[in-house]
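Subject: Model handover

Hi,

Here is the model for your files. Please look it over before reading my notes.

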Protein chains: 2
Amino acid sequence: MKALEEKIRREGSVLPGNILKVGSFLNHQVDAEFTMEMGREIARLFAQEKITRVLTIETSGIPIALAAAAALHVPMVFAKKNRTGNLSGELYQTVVHSYTHGTDYNVVVEKKYILPGDRVLIVDDFLANGKALLGLMELVRMAGAETAGAAVAIEKGFQRGGDALRQGGMRVESLAIIESMEDGNIVFRD
Amino acid sequence: MKALEEKIRREGSVLPGNILKVGSFLNHQVDAEFTMEMGREIARLFAQEKITRVLTIETSGIPIALAAAAALHVPMVFAKKNRTGNLSGELYQTVVHSYTHGTDYNVVVEKKYILPGDRVLIVDDFLANGKALLGLMELVRMAGAETAGAAVAIEKGFQRGGDALRQGGMRVESLAIIESMEDGNIVFRD
């Protein structure tokens, strides 16, 4: 999505440790109208996939997941991190390892919000090593539902998570794929 | 908003301790299209207020805040809880007391995302005692900006936070106000 690449170039900044800061429009301040546009683009890409539900994980995936769900006319569900207490009812639960923070965290979703037979589209703001996405796919599997694909705003292609999932047969659509960002110079995949 | 009251009656459930569970459409699963509708209603209510920015707090306020911001054609900012580390740049920071969890937490926002002269609309999913909202108003004040009003989906009227803010001169619009929910019987304010 050309408009996203331009926005990343214009507003993003690269910090040491391959961190891309896009807090001006994606994950602290959110460009609401542009987010809705990204949601419509995701809906267009998955229009033939009979998606019944969008799944994301709190927090920064929520805006784009909501936008995609609204455009697909399906509900959005956000899985919660590190919680077991204040959700009533039974939960699906799995553990995700965060490279960024060097820790493991729980990801939970109430069972009634992913149903057997659902065709789930997983949506997130970032895809790097793909661990969060694999955790969400595991929740979908536990529910007896199917992950029809994954859509993210920005994929860090050099961290290979997206390609590994694609090699495994998963359809992964990223609105922008960063191939490298050495010395602050952002190169997108064609 | 009649449609919201009906949804609360149909899908909500009351748990001991005045807890209203609306996870089927508001804060775990999210009814995306209905959320966009709530956002348009908020935009309609504040159409004359020259809002320049919508401010919420992670996590469950994000969907309705995004929807309101998209309808108002302004950016949305979500303040973050309990973080000081991974946000670069300078922060506005305040402390909010959570009655639900009996603890204090930090609320932070990067300074560059609320500017002097901004007319900020604070949006959240719930308003109970109003402490989170007061914390967000404090961040706005620190920035030299103005809180033009607050809009929430569901106000627990019996916890008086909304009325206290109104008495203080703040414009607070709630799409549904629950006057009481004793014995699981939900009564809305007229």
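Below are my notes on how the chains meet.

This is a predicted model: local features need pLDDT of at least 70, side-chain atom pairs count only at pLDDT 80 or more, and totals for chains, interfaces and linings use all residues. Residues are numbered from 1 along each chain as its sequence is written, chains are lettered from A and ligands numbered from 1 in the order written, and side-chain values use heavy atoms, without hydrogens or water.

Interface. In contact (heavy atoms within 4.5 Å) are 36 residues of chain B and 36 residues of chain A. The copies meet through the same surface, because 100% of the interface residues of chain B are also interface residues in chain A. About 2900 Å² is buried between them, 62% of it from carbon and sulfur atoms. Buried area is the accessible area (1.4 Å probe) lost on putting the two parts together, summed over both. In chain B, His28(B), Gln29(B) and Leu66(B) lose the most area to chain A, together 24% of what that side buries.

Salt bridges. There are two between the chains, counted when a side-chain nitrogen of Lys or Arg lies within 4 Å of a carboxyl oxygen of Asp or Glu. One joins Glu110(A) and Lys21(B) (3.4 Å, N to O).

Best wishes
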